[in-house]
Amino acid sequence: MTRALIVIDIQNDFCPGGALAVAGGDEIVPGVNDLMTEFDAVILTQDWHPAGHSSFASQHEGAAPLSMIEMPYGPQVLWPDHCIQGSPGANFHPDLTVDRADLIIRKGYNPAIDSYSAFFENDHSTPTGLEGYLKTRGITDLTMVGLATDFCVNFSAVDAARLGFAVTVHTDLCRGIDLGGSLAAALSGMAEAGVTVA
Ligand code: VGL
Ligand code: ZN
């Protein structure tokens, strides 16, 4: 059994003061750093959008941030502009231990499709390559922590379970956005998908 810690999107824009701040997002950083020492591999994910990304409300005339629209691949929340490639908001939180990471995987770079999951874009079919990376390294067990519980952590965990990994989400080292009940739905959806929600 080879175990990896997947640290999801602990970036300035998801922390207090950022463009899409998750309440308490910065509080998890010390605990995540400590947890890294217990794993065979540490992988960081980084939300990484080109300016003018189609998931930004600013690109849709008259649309308010956090409203929903129908995209060719399904329903999509429209977000404030965030995690723009090369911007300070896209950087990892300054206290996050990045040196321990074997791999940093970026997602959301396709201008036409958002990507919550670290494994597939929001069309649920375009792979990021992470599955192949993990499987070719013989990694079987994944623990996930980070931001946000109900979006990127949730989609990553459910996809990983479907792909056959043993998945644990450490909810005390995650923080959620909670849009219209999305946090409770994510917790029950992950459990249903066979994710251990600890
Ligand atoms: C995320 C919304 C938009 C996340 C990323 O990391 O959970 N949420 N982009
Ligand atoms: Zn994003």
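**Conventions.** I am working with a predicted model, in which local features need pLDDT of at least 70, side-chain atom pairs count only at pLDDT 80 or more, and totals for chains, interfaces and linings use all residues. Residues are numbered from 1 along each chain as its sequence is written, chains are lettered from A and ligands numbered from 1 in the order in which they are written, and side-chain values use heavy atoms, with hydrogens and water left out.

**Whole chain.** I looked up the secondary structure and found four helices and eight strands, where helices (H or I, at least four residues) and strands (E, at least two) are DSSP runs numbered from the N terminus. Their order from the N terminus is β-α-β-β-β-β-α-β-α-β-α-β. The radius of gyration, taken over C-alpha atoms, is 16 Å, close to the 16 Å that the globule rule (2.2 Å times the number of residues to the power 0.38) gives for 198 residues, so the chain is as compact as a globular protein of that length. Along the principal axes, the C-alpha atoms fill a box of roughly 50 × 30 × 30 Å.

I noted that 50% of the 198 residues count as buried, meaning under 20% relative accessible area with a 1.4 Å probe and protein chains only, while exposed means over 50% and partly exposed lies in between. For contacts (heavy atoms within 4.5 Å) between residues at least 6 apart in sequence, 72% join residues at least 24 apart.

**Helix α3.** I then turned to α3 (residues 149-162), where 12 of the 14 residues are buried, so the helix is largely enclosed by the rest of the structure. Its buried residues, among them Phe151, Cys152 and Val158, pack against β1 (3-8), β4, β5, β6 (141-147), β7 and α4. Thr149 in this helix is buried at a relative accessible area of 4%, and its contacts beyond four places in sequence include Cys174, Arg175, Leu183, Ala186 and Met190. Just after α3, I found Gly164 with a positive phi of about 100°.

**Helix α4.** In α4 (residues 182-192) the buried residues are Ser182, Ala186 and Met190. Seen down the helix axis they fall within an arc of 65°, so they line one face of α4; the arc is that of the directions from the helix axis to the C-beta atoms. Ala184 and Glu192 are exposed on the other side, and the cover over the buried residues includes α3, β7 (166-175) and β8 (196-197).
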